[in-house]
Amino acid sequence: MRALFPFLLLATPVAAQEAALLPASLPPDVAEAILARPDRFADMAADLIHGHGTGGTITPAAIETAIALDHAFYRTRALRPFHESDLDADGSLTTPEVVARAATLSPPARARLMRDHAAADADADGTLSPPELRAYAEAAAARASRPLDEGLMRATAAFDADADGQTGLAELTRALQPLSATN
Ligand SMILES: [Ca+2]
Ligand SMILES: [Ca+2]
């Protein structure tokens, strides 16, 4: 036990110093994740700025758009097998439609389609209505999206050192460089 104390005395001030380098507005779990892997955060933030920003900077609104695009991707992915089963293109899926599509699939894919159909059919009437499909897609997006990853995306906005409403690559690099140097 005794041997631990010198380590703790040394380690705590360093961690506190590092945390003080981050914007104070960050949620604790997000700040912790950035401190644990500043290089990974820097890569994610740079990709976010390059992919969704303009001119090497990004606004909070553009970050929300990036997050919304991810959710749209997850919803679309979840709905695709159902859309492929909508034989009469009326936006609803009857049991005969799903059975017809299922017959063309491999046994695992067939099982998955039938299971997902049952899961999405909230009122168990055998037909997936547009509201049931929407609810299923929203639930799938909620399962697929990671709150911490989205917190890290939103954290990019907190590195707006000159408070002009945009976070630039240079601002990020300046803020994160001292962290990377100590790791
Ligand atoms: Ca249909
Ligand atoms: Ca139904």
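Helices (H or I, at least four residues) and strands (E, at least two) are DSSP runs, numbered from the N terminus. The model is predicted: local features need pLDDT of at least 70, side-chain atom pairs count only at pLDDT 80 or more, and totals for chains, interfaces and linings use all residues. Residues are numbered from 1 along each chain as its sequence is written, chains are lettered from A and ligands numbered from 1 in the order in which they are written, and side-chain values use heavy atoms, with hydrogens and water left out.

The secondary structure amounts to nine helices and two strands. Along the sequence these elements follow the pattern α-α-α-β-α-α-α-α-α-β-α. The chain has 183 residues, and 33% of them are buried. Here buried means under 20% relative accessible area, exposed means over 50%, and partly exposed lies in between (1.4 Å probe, protein chains only). A contact is a pair of heavy atoms within 4.5 Å. Of the contacts between residues at least 6 apart in sequence, 64% join residues at least 24 apart.

In soluble globular proteins, nonpolar side chains tend to be buried together. A nonpolar core is a set of buried Ala, Val, Leu, Ile, Met, Phe, Trp, Tyr and Cys residues joined through side-chain atoms within 4.5 Å. The largest such core holds 22 residues, and Leu22, Leu26, Ile34, Phe41, Phe159, Leu172 and Leu176 touch the most other members. At least two of its residues come from each of α2 (28-36), α3 (38-52), α4 (60-83), α8 (147-155) and α9 (169-182). Leucine 22 is in contact with Ala31, Ile34, Leu35, Phe159 and Leu179, leaving aside neighbours within four places in sequence. A second, separate core has 15 residues, including Leu93, Val98, Leu105 and Ala140. In α8, the buried residues are Glu150, Gly151, Leu152, Met153 and Ala155. These buried residues pack against α2, α3 and α4.

Donors are N, O and S atoms within 2.8 Å of the metal (3.2 Å for Na, K and Ca); water is not among the atoms, so sites may look incomplete. Aspartate 86 is buried because its relative accessible area is 15%. Aspartate 88 is partly exposed, at 48%. The calcium ion (ligand 2) is coordinated at 2.2 to 2.5 Å by Asp121 (OD), Asp123 (OD), Asp125 (OD), Thr127 (O), Glu132 (OE) and Glu132 (OE). Here the spacing reads D-x1-D-x1-D-x1-T-x4-E. Aspartate 121 counts as buried, with 9% relative accessibility.

Geometry was classed by angle.

Alanine 89 lies in the loop between α4 and α5 (95-102). Alanine 89 has a positive phi of about 55 degrees although it is not a glycine, and is exposed at 65% relative accessible area. Alanine 124 sits in the loop between α6 (107-120) and α7. Its phi is also positive, at about 55 degrees, and its relative accessibility of 64% counts as exposed.

Alanine 141, by contrast, belongs to helix α7 (residues 130-144) and is buried at 1% relative accessibility. Beyond four places in sequence, alanine 141 is in contact with His71, Tyr74 and Arg75.

Threonine 57 is placed in strand β1 (residues 57-58). Its side chain makes a polar contact with the side chain of glutamine 166 (2.4 Å). A polar contact is a pair of N or O atoms within 3.5 Å; within protein, one must be able to donate a hydrogen and the other to accept it, and residues adjacent in sequence count only if both atoms are side-chain atoms.
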